[in-house]
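Here is a brief report on one protein model.

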Amino acid sequence: MKLYDALIQETLAAAEGAKRWPASSLLPWPVTESSELVMQRQAAFELGGSGLPSANYTLVTTDPALAGDEVLLLGPDLPELKADAPFARIVILETEEISEDDAGHDMIRQMEFVRYHVFPKGYMVRVSATSFEEQVRVSRDAAKQGIRFGRIGQAYIDRYKTVPGVKSVKVLFLTDRAAVERLKPIAKKADDITKTLSHILDGLPTDCGHCQLKPVCDEVEGMREMHLGKKK
Ligand code: SF4
């Protein structure tokens, strides 16, 4: 599947110069079963809040050259932050080809579920699905215990790897303001592709003349072929 490949290339270009940790070198940060409340008075700082830019999205590919199990970071790491900061978390998944049947639909659903269901200890995540943003409140206890993005990324990688069909997981964290601003528009485009793909897998009629999703198909290489090919 190549639907997101152009966005992956744009994202990796915006993260050029990032530090990289191969997943094999990282110990996952502990996670909890459900979202843990971090009160404001317990917080060391917030990411992506207080009017600072934020972005959150997931991209999928079958091209191993764009993927690989690793964590990338552009900007200061958590131990270096002393105040609220801009924030983006991007996940790039390498998967088996997404089939145009119930299995493909299920894979997309499970990947979306994981996006909102990883709960690192002392790291309270608030996702806004409508504005494609994510805010994180980091507790003072977690800061004292040495929380850092490499280990948070590994916790996400481990969780995504439990989804059947996921081959590799790249997690990008950005706290560099200019880079986060550059990624914000990509979040909306990624969401448009995911929604269109879900509609196609739902069995949307192949009538381009009356289809509200035409602007997405006009822009995203391979989307129209996928839908019309599905009909055949
Ligand atoms: S291929 Fe045509 S009918 Fe299918 S989603 Fe795109 S515009 Fe709509």
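Which residue of strand 4 is the bridge partner of Arg 20? The partner is Leu 72. This is a predicted model: local features need pLDDT of at least 70, side-chain atom pairs count only at pLDDT 80 or more, and totals for chains, interfaces and linings use all residues. Residues are numbered from 1 along each chain as its sequence is written.

**Strand 4**

Helices (H or I, at least four residues) and strands (E, at least two) are DSSP runs, numbered from the N terminus. Two strands pair if DSSP finds at least two bridges between them.

| Pair | Sense | Bridges |
|---|---|---|
| Strand 1 and strand 4 | antiparallel | four bridges |
| Strand 4 and strand 8 | parallel | five bridges |

Val 71 faces Val 171 of strand 8. Four of the five residues of strand 4 are buried, so the strand is mostly covered. Buried means 20 or more other C-beta atoms within 10 Å of the residue's own; exposed means 12 or fewer, and partly exposed is in between, with C-beta atoms placed from the backbone.

**Helix 4**

Helix 4 spans residues 149-160, twelve in number. From first C-alpha to last it reaches 16 Å, close to the 16 Å expected at 1.5 Å a residue. That expected span is 1.5 Å times one less than the number of residues. Nine of the twelve residues are buried, so helix 4 is largely enclosed by the rest of the structure. Among the buried ones are Phe 149, Ile 152, Tyr 156 and Tyr 160. Their cover includes strand 1 (19-22), strand 4 (70-74), helix 2 (102-115) and strand 8 (166-174).

**Whole protein**

The protein has seven helices and eight strands. Its radius of gyration is 18 Å, close to the 17 Å that the globule rule gives for 232 residues, so it is as compact as a globular protein of that length. The radius is taken over C-alpha atoms; the rule is 2.2 Å times the number of residues to the power 0.38. The C-alpha atoms fill a box of roughly 60 × 35 × 35 Å along the principal axes. Of the 232 residues, 41% count as buried.

**Ligand shell**

The ligand is surrounded by 14 residues. A residue is near the molecule if its C-beta atom, placed from the backbone, lies within 6 Å of it. The closest are Cys 208, Cys 211, Lys 214, Cys 217 and His 227. Helix 5 (177-201), helix 6 (214-219) and helix 7 (223-231) each give two or more residues. Helix 7 supplies the largest share, four residues.

Methods:
Two residues are in contact if their C-beta atoms, placed from the backbone, lie within 7 Å.
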